[in-house]
Amino acid sequence: MPQNVGPIDSSRTPRYAGRDGFARLPRLDQVGRADIVVAGVPFDTGVSYRPGARFGPNHIREASRLLRPYNPALDVSPFELTQVADAGDIAVNPFDIAEAIETVQSAAYDLTADGTRLVTLGGDHTISLPLLRAAAERHGPVALLHFDAHLDTWDTYFGAEFTHGTPFRRAFEEGILDTEALSHVGTRGPLYGKKDLDDDHRFGFGIVTSADVYRQGVDEVVAKLRDRIGDRPLYISIDVDVMDPAHAPGTGTPEAGGVTSRELLEIIRGFVGLNLIGADVVEVAPAYDHAELTGVAASHLAYDLVSLLALRHRETSAGQPADASALSR
Ligand SMILES: N=C(N)NCCCC(=O)O
Ligand SMILES: [Zn+2]
Ligand SMILES: [Zn+2]
């Protein structure tokens, strides 16, 4: 088997030298094809409050230089096990949300040809809609694990349908979600009204609030979520504002009382073995970050997501096809 091209060796080239891709990985054009790609979407035209998430992808890359090749929490060297590459940024129109959404959808679809898995760095939460569309084109309606302070199932803002507060309502309406397996994790804070929760419930979402994580603990939460997901194709969307502003200040709509980065990482690691097919980490807005807190947390989350995908790749390439659509393509 050919050797995978790994990251730049930080014991030879100092990690603060140069300008590299995520985790100092090779660029996709340097390796031709990859089992897992990381791509950025520098877009924040969908935000309702502080702007700046368009600078998120490069901030996460910058903060990812300290990642090392072996992940002890999951006992895996993801870049050895699989070819992982940085596909750069998907260049989207900042003045036309509808066009930006189309660009993201078709780029995500193209990047996931031949079973390649995509981890996307945002960008505001608007981008999860086209990412879910592309995922559903490949796998059919997907289970969704959504980590966020917010529901993001609101209807419109100022009459606009496509915003960072509305992606999952649109996704529900489009029939691209598996409504038996939808969960928000980490929600908290004031809502516009009780109807927000009624609508959300009607779409099929279950809720594990930030307070539930605190009261029940990571293991119980993971067990419940795993039960709900089963072996369905699973998409994970992480809005960094799910973390407390103390852990992730660099974001546009912060809410007090969030989970810690430790809790969040431990929950994500609990999904080993599930049929994860794609993921995003969104809403990193570096202008409000301090000491790269949010960037570091986001880069570690992306690293653990890549690790889960690498483990799943090993499992599936050892026998069965990676997914049902691999048979029909
Ligand atoms: N951060 C995300 N994705 N959504 C927040 C929307 C909050 C609001 O303006 O009501
Ligand atoms: Zn949010
Ligand atoms: Zn969100």
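Strands here are DSSP runs of E of at least two residues, helices are runs of H or I of at least four residues, and both are numbered from the N terminus. Two strands pair if DSSP finds at least two bridges between them.

Strand 1 (residues 36-41) and strand 3 (residues 117-122) run parallel and are joined by six bridges. Ile 36 stands opposite Arg 117 in strand 3.

Residues are numbered from 1 along each chain as its sequence is written, and chains are lettered from A and ligands numbered from 1 in the order in which they are written. Because the model is predicted, local features need pLDDT of at least 70 and side-chain atom pairs count only at pLDDT 80 or more, whereas totals for chains, interfaces and linings use all residues.

## Helices across the sheet

Angles run from 0 to 180 degrees between N-to-C directions, and axes are lines fitted to C-alpha atoms, for helices over the stretch in contact. Residues are in contact if their C-beta atoms, placed from the backbone, lie within 7 Å.

## Helix pairs

Helix 2 (residues 56-63) and helix 11 have axes that come within 8 Å and cross at roughly 80 degrees. Helix 2 is therefore roughly perpendicular to helix 11 (65 to 115 degrees; under 35 counts as roughly parallel, over 145 as roughly antiparallel and the rest as oblique). His 59, Ile 60, Glu 62 and Ala 63 of helix 2 meet Gly 295, Val 296, Ala 298, Ser 299 and Ala 302 of helix 11. This contact has five nonpolar, three polar and one charged residues; Ala, Val, Leu, Ile, Met, Phe, Trp, Tyr, Cys and Pro count as nonpolar, Asp, Glu, Lys and Arg as charged, and the others, Gly among them, as polar.

Helix 5 (residues 128-139) and helix 6 (residues 167-174) pack at about 30 degrees, with their axes 9 Å apart, and are therefore roughly parallel to each other. Ser 128, Leu 129 and Leu 132 of helix 5 make the contact with Pro 167, Arg 170 and Ala 171 of helix 6. Its residues comprise four nonpolar, one polar and one charged.

## Ligand surroundings and backbone features

Ligand 1 is surrounded by Ser 48, Tyr 49, His 125, His 150, Asp 152, His 164, Gly 165, Asp 239, Asp 241, Thr 253 and Glu 283, where the C-beta atom, placed from the backbone, must lie within 6 Å. By class, this shell has one nonpolar, six polar and four charged residues.

Asp 152, one of these residues, lies in the loop between strand 4 and helix 6. Phi of Asp 152 is near 55 degrees, a positive value in a residue other than glycine. A cis peptide bond, with omega about 15 degrees, joins Gly 122 and Gly 123. Gly 123 is placed in the loop between strand 3 and helix 5.

Key
Two residues are in contact if their C-beta atoms, placed from the backbone, lie within 7 Å.
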